[in-house]
Amino acid sequence: MRNRHFPALLALLVAAAVLSGCGAQGRDKTAEEITGAGATFPYPLYSRMFHLYDQKTGVRVNYQGIGSGGGIRALMDKTVDFGASDAFLTDDELGAMGAPVLHIPTCVGAVVLSYNLDGKPALRMDATTVAGIFLGTITRWNDPALVALNPDTTLPDLAITVIHRSDGSGTTSIFTSYLSAVSPAWKTEVGAGKSVSWPVGLGGKGNDGVAGMISQATGSIGYIELVYATKNDMPVATLRNAAGSFVTPGLASSAAAADIELPDDLRVLLVDTPAANAYPISAFTWILVYREQNYDGRTLAQAQALKDLLVWMLSDGQSVNEGLAYARLPAAAIAKSMKLVDSMTYDGAAIP
Amino acid sequence: MSWRKVKNSVMGLVVAGSAVLLILVLAVILWHIFSSGARYLSWDFFTKPPAPFGEEGGGVVNSIIGTFLITIVAAAIGTPFGIFAGIYVSEHRGQRFADIVRLCADALQGIPSIVIGIFGYTFIVARFRSYSAVAASISLAFMFVPTTARVTEEVLNLVPSGLKEAAYALGARQSSVIWNISIKTAATGITSGLLTSMSRIAGETAPLLFTAFGSRYIEWNMARPMSALPLQIYIYASSPYPSLQQQAWSAAFVLVLLILVLQYVSRKLISRVLRVK
Amino acid sequence: MTAQLSPKDRQERVRERAFTTAGLIAAVTLVATIAIFLVDLTISSRGSRSTFGWSFLWHTDWNPVTEEFGALPMIVGTLITGFGSLLLATPLALGIAIFLADYAHRRIVEPVKYLIGLLGGLPSVIFGLWGLFVLVPLISKFEVWFGHAVGSETLVTAGTTGVGLLASIVLLALMILPYSASLILDSLLVVPNELREGSLALGATKWDTIQNVELPYIRRSTVGAVVLSLGRALGETMAVTMVIGNGMKMPGSLFDPANTLASAIANQFLEATSPLYVSSLIELALILFCISIIINIAARAILRKRTQ
């Protein structure tokens with residue numbers, strides 16, 4: 001019995017095969033599209049930045065927020081043009097990369113403690129209480145330590161549900177570095193890293209996953225990048241910094257935290273810095289690229305496109321930062337970053 | 001005697017009651033999925049790509065295109081393998097190697113999609129150093145082939161042997177018999193099988209996680225990263241923003257619609273086959 | 001007549017050869033694919049296999065920081081969600097199938113079958129979506145209530161977010177229910193009416209007939225359906241990933257977050273930066289691969305015997 005659908009479907013499939021054949025000739029990565037992957041911490045910023053860049057230059061930047069660990073891994077596997085991470089590579093990781101990797105900071109952000117309580121009270125916390133909560137020694141909201149810091153607020157007799165990251169996260173790295181710096185107990189029991197063995201709590205995926213979980217569970221608390229809290233109208237805690245004052249996370253306090261002596265390779269933590277009005281859990285977030293851009297058949301055009309993007313992000317692109325509550329890079333950081341970008345080479349020669 | 005009657009009434013009530021309740025629950029679930037998705041469909045939704053962070057609106061046209069391309073290419077890659085394997089097993093029915101092939105098809109069908117995704121990553125993405133829609137299609141093809149092969153084999157087995165014997169008696173060669181008799185007779189059934197397999201792979205997410213990468217942009221080039229509806233749904237569902245969550249529902253609605261259309265056409269074809277028999 | 005082939009004959013011979021070769025290539029590719037999968041997974045996981053050996057299977061620590069990886073929490077999670085959902089879904093599937101075959105009005109059977117089939121055909125990620133936004137809040141309410149009812153603070157805390165093993169079990173049960181139910185229903189419908197009528201003629205009640213005639217008749221296909229559903233439940237990825245809560249530790253109760261083999265991979269694979277971490281995840285995939293192959297073959301063998 002003849003069937004008129006069969007030949008039509010076959011033809012469609014054959015056409016599709018031909019189409020895919022044409023499209024899949026080698027790695028057709030032209031300079032019009034740059035792929036990057038990594039941290040969710042700066043995702044809002046990069047999303048806006050790359051949208052602007054596309055409108056300005058027509059170059060599309062496809063960035064996926066899969067976590068800092070994912071960004072490092074993607075760069076390691078060379079499946080992307082750049083990685084993004086809030087945790088700079090350790091010496092071991094640098095070695096594992098096989099070739100020198102540059103860390104280019106793009107902004108200063110803040111990791112905030114956000115929580116879900118009725119009435120959205122503004123709470124104060126300090127190093128001891130935060131460490132206690134995440135170590136599991138402080139288990140209820142009306143714990144004496146919390147009450148002492150917040151005499152004007154009635155804290156409910158409610159269990160604290162801790163939310164942390166379940167994926168390999170630079171935000172975790174920043175947060176646990178802070179905890180390790182301010183709490184000897186944390187440092188010995190848990191330590192710092194992109195992924196740690198949390199004593200208590202539930203895991204969410206990405207900054208957005210954690211934000212989502214906090215917003216859905218009363219009595220929960222978690223650490224996220226500032227803009228995720230403000231966008232969702234979630235309260236954030238004011239923290240006591242190294243100088244002893246209680247600081248609200250925001251542009252000024254992040255910028256103040258970055259006002260320190262910076263190493264040339266810009267691999268530095270901004271947690272618990274000494275400045276008077278610095279927010280204690282501030283951080284750079286970096287774009288990671290290989291210094292030598294001629295690998296795996298990359299073209300000079302691709303290297304140029306990447307360099308142009310980075311230069312833009314360090315100059316005109318910075319105008320996007322403050323609108324999203326990320327602090328601009330301090331001038332010293334930009335100067336050193338530009339030097340790093342200039343040191344990118346193609347076949348050993350500087351990229352025009 | 002009366003104990004059994006009592007038991008009969010009681011069990012009758014229990015079974016009927018629980019079944020009706022359950023069916024109602026299932027109906028409510030289905031209705032909820034459809035209504036949540038349909039509520040916010042808009043022209044923008046179908047024609048615009050996602051908006052950058054912070055901006056409202058945007059749509060999923062990039063994912064719709066991606067799902068179409070990735071699914072069709074996966075089917076294109078998998079169809080020859082699936083159909084010919086089905087032909088082979090049908091023609092060599094009873095031989096040990098054919099049995100092994102059938103066994104392997106069954107086994108392949110049961111492999112969790114995440115394992116297929118890992119294979120897609122290590123075999124293609126890592127090797128060619130790039131995420132791409134083609135990698136996604138190839139991974140999906142691994143899921144497409146076994147179901148297609150089984151359906152093809154079963155439909156071919158339905159071809160009356162009398163037809164084939166008559167053809168052979170007239171001096172036709174095996175390939176001619178296969179093509180002109182078996183396949184042409186079974187064509188409707190095979191097409192139906194192809195459509196069903198396509199409807200299944202269109203909804204798969206796990207193989208895409210490690211291969212397609214996703215993209216905010218409308219992409220036609222199969223060698224580049226691409227978005228797709230299941231991937232987009234997964235990403236939006238995990239976000240804390242109600243507007244994106246709503247888009248997840250709407251994207252789910254579109255995906256279900258697509259799958260339903262494929263299944264509807266497939267079913268229509270099968271019923272035509274059955275009617276003729 | 002000898003030798004010279006007409007061009008038409010030659011053409012046909014070539015086509016003949018092409019056809020047989022194509023069939024053989026496709027068949028061999030299918031078989032080879034399974035082999036390649038096995039080999040690729042085995043090779044890629046050699047890092048963790050040589051480091052941990054067999055103890056990988058029963059180690060309870062999954063710690064990326066200290067680079068200690070053990071699969072037991074994931075294996076336990078997989079088994080609990082798999083068997084749990086099976087336990088929940090099978091009686092329900094039986095109930096629906098019996099209802100449709102023996103109690104329901106003939107005319108509602110087809111539409112209900114369609115409805116159930118529709119649900120069963122929904123992609124996993126859509127179940128996950130529904131599970132995350134509808135099921136999880138409900139489960140959370142239940143868990144918090146239950147925790148208060150038995151006076152357990154830990155249960156109440158664990159139940160606050162709703163994600164975890166219980167949510168996964170219920171969701172998985174809903175996913176495997178349609179397929180199970182339709183398989184059992186199909187085999188019930190094939191039960192010869194003479195058997196039913198004979199039983200009733202002997203004075204048995206309807207339920208007696210169901211219990212003593214129909215159910216034993218479909219025993220083998222029920223077992224097959226159960227095993228197939230188990231296979232699907234064990235390999236299910238997206239829906240479970242979205243509601244299981246990503247626990248890295250051994251779950252203490254059904255309310256706790258956990259991971260299955262599949263969800264652990266889905267969540268961590270793209271971010272594992274050290275070779276040992278990556279190969280451990282691939283070893284999870286290898287374990288999952290082997291489990292699914294065994295169960296699938298067993299299921300089909302059971303189902304096929306029925307028809308012989």
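A residue is called buried here if 20 or more other C-beta atoms lie within 10 Å of its own. Keep that in mind as you look at this predicted model, because by that cut-off strand S1 (residues 33-38) of chain A is mostly covered, with six of its six residues buried.

**Strand S1 of chain A**
- On one side of S1(A) you will find Glu33(A), Thr35(A) and Ala37(A), and on the other Ile34(A), Gly36(A) and Gly38(A); these are all buried, and both faces are covered.
- In a regular strand, side chains alternate between the two faces of the sheet.
- S1(A) pairs in the parallel sense with strand S2 (residues 60-65) of chain A, over six bridges.
- Within that pairing, Val61(A) of S2(A) stands opposite Ile34(A).
- Strand S3 (residues 82-85) of chain A also runs parallel to S1(A), and three bridges join the two.
- Here Gly36(A) has Phe82(A) in S3(A) as its bridge partner.
- Together with helix H2 (residues 43-57) of chain A, S1(A) and S2(A) make a right-handed β-α-β unit.

**The two domains of chain C**
- Chain C is divided into domain 1 (2-44) and domain 2 (54-307).
- The C-alpha centres of these two domains of chain C lie 39 Å apart.
- Four residues of domain 1 of chain C are in contact with five residues of domain 2 of chain C.
- On the domain 1 side of that contact there are two nonpolar, two polar and no charged residues.

**Where chain C meets chain A**
- Chain C gives 18 residues to this contact, and chain A gives 26.
- On the chain C side, helix H6 (153-159) and helix H12 (261-268) are the elements that give two or more residues.
- The largest share, three residues, comes from H6(C).
- By class, the chain C side has six nonpolar, 10 polar and two charged residues.

**The largest nonpolar core**
- This core has 288 residues, and those touching the most other members are Ile233(B), Ala252(B), Ala97(C), Val243(C), Ile265(C) and Ala285(C).
- Helix H7 (residues 165-189) of chain C provides the largest share of the core, 18 residues.
- Why does the core lie between the two domains of chain C? Domain 1 (2-44) and domain 2 (54-307) of chain C both give residues to it, so it lies between them.
- Leaving aside neighbours within four places in sequence, Ala252(B) is in contact with Ile33(B), Gly37(B) and Ile233(B), and also with Ile126(C) and Leu129(C).
- In soluble globular proteins, nonpolar side chains tend to be buried together.

How values were computed:
Residues numbered from 1 in each chain as written. Chains lettered and ligands numbered in written order. Predicted model: local features only at pLDDT ≥ 70, side-chain atom pairs only at ≥ 80, totals over all residues. Domains from an automatic or database assignment. Contact = placed C-beta atoms within 7 Å. Nonpolar A, V, L, I, M, F, W, Y, C, P; charged D, E, K, R; others polar. Helix = DSSP H or I, 4+ residues; strand = E, 2+ residues; numbered from the N terminus. Buried ≥ 20, exposed ≤ 12 C-beta atoms within 10 Å, placed from the backbone. Pairing = 2+ DSSP bridges. Right-handed = clockwise from strand over helix to strand, strands pointing away. Core = buried A, V, L, I, M, F, W, Y, C linked by C-beta atoms within 7 Å.
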